Amino acid sequence: SEFNFKNEIQIKALFDGGVDGIIFETFHNMDEIDIASQFAKKYNLPVIASLACKKEKETLSGLDIKEAVNILDKNNNIDAIGMNCIIGPHAMLSVVEDVINLTSKPFIVEPNAGFPQDVDWRMIYMSTPEYFATYAQNFIRLGVRGIGGCCGTTPKHISEMSKVVKALTGVKEHLKIDKIKDSAPIEVKVTPKEEKSNFAKKIFSG
């Protein structure tokens, strides 16, 4: 199918580029995430499968989040389970409390910086870096092994969160991903800029 083909070429391109692992984010279709993880494992890459969950504690396709986590837990091609996007730290913490004990796999979270609000015709995420950092601490204490940010997070959010998390006792025991591939340098063939596309050829030929 077209989905299979796109996954194959994208994952191979990332592998050829030297990535250490693959994160599949904002998924809600269990069949698609299964196919994607199979392709990643063909290249022996660590796989994090991250679900998008609504505040009603179900995926975008209406699947109960507990059932979704159970499916990912049984998938041998998936090394860690995650949640990202849609909801902010408070709502995501409530969901994680319900599901984190359903799996022995490392759990990863990337909440949005709250819900965006319309301010003078601009959509603004209202969670401050300090608020975000407080919840990062709560996630780690709950047993989450990796944390980041999705929509609305800024370098300041990540910086504040990092300082709080690194100060916690035992945080160094978080998920460790072994480098599976050897570290030999990858030969890169540089394509002349005028040969990259017909559009580029027209631009650089005047």
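## A tour of the predicted model

Of the 206 residues in the protein chain, 37% count as buried. The model is predicted.

**Whole chain.** Colour by secondary structure to begin. The protein chain has 7 helices and 7 strands, and read along the sequence they follow the pattern α-β-α-β-α-β-α-β-β-β-α-β-α-α. Among contacts between residues at least 6 apart in sequence, 70% join residues at least 24 apart.

**The largest nonpolar core.** Select Phe24, Ile65, Leu72, Met83, Val96, Phe107 and Phe139. In the largest nonpolar core, which has 36 residues, these touch the most other members. At least two residues of this core come from each of the strands S1 (22-27), S2 (47-51), S3 (80-84) and S4 (107-110), and likewise from each of the helices H2 (30-42), H3 (65-73), H4 (89-99) and H5 (129-142). Helix H4 gives the most, with 6 residues.

Centre on Phe24. Beyond its neighbours within four places in sequence, Phe24 is in contact with Asn7, Ile11, Ala36, Ser37, Ala40, Val47, Ile48, Ala49 and Ser50.

**Helix H4.** Select helix H4 and show its side chains. The buried residues here are Pro89, Ala91, Met92, Leu93, Val95, Val96 and Val99. Against which elements do the buried residues of H4 pack? They pack against H3, S3, S4 and H5.

Now pick Leu93, which lies in helix H4. Leu93 has a relative accessible area of 13%, and it counts as buried because that value is under 20%. Leaving aside neighbours within four places in sequence, Leu93 is in contact with Tyr135, Asn138, Phe139 and Leu142. Draw a distance from Leu93 to Phe139: their C-alpha atoms are separated by 6.7 Å, although the two residues are 46 apart along the chain.

**A salt bridge to H4.** The structure holds 6 salt bridges. Stay on helix H4 and select Asp98 together with Lys57. These two form a salt bridge, with the closest N and O atoms 2.6 Å apart. Lys57 lies in the loop between S2 and H3, whereas Asp98 is in helix H4, so the pair ties together parts that are 41 residues apart in sequence. Both ends are partly exposed: Lys57 has a relative accessible area of 25%, and Asp98 is at 31% relative accessibility.

**Helix H6.** Move to helix H6 (residues 155-166) and select Lys156, Glu160 and Lys163. The side chains of Lys156 and Glu160 meet in a salt bridge (3.2 Å, N to O). These two residues are 4 apart in helix H6, so about one helical turn separates them. Glu160 also meets Lys163 in a salt bridge between their side chains (3.1 Å, N to O). Here the spacing is 3 residues, again about one helical turn. Salt bridges with shared partners join Lys156, Glu160 and Lys163 into one network.

Which of the three are buried, partly exposed or exposed? Glu160 is buried at 14% relative accessibility, Lys156 is partly exposed at 44%, and Lys163 is exposed, with a relative accessible area of 52%.

Key
Residues numbered from 1 in each chain as written. Predicted model: local features only at pLDDT ≥ 70, side-chain atom pairs only at ≥ 80, totals over all residues. Heavy atoms only, no water. Core = buried A, V, L, I, M, F, W, Y, C linked by side-chain atoms within 4.5 Å. Buried < 20%, exposed > 50% of the residue type's maximum accessible area, 1.4 Å probe, protein only. Contact = heavy atoms within 4.5 Å. Salt bridge = Lys/Arg side-chain N within 4 Å of Asp/Glu carboxyl O.
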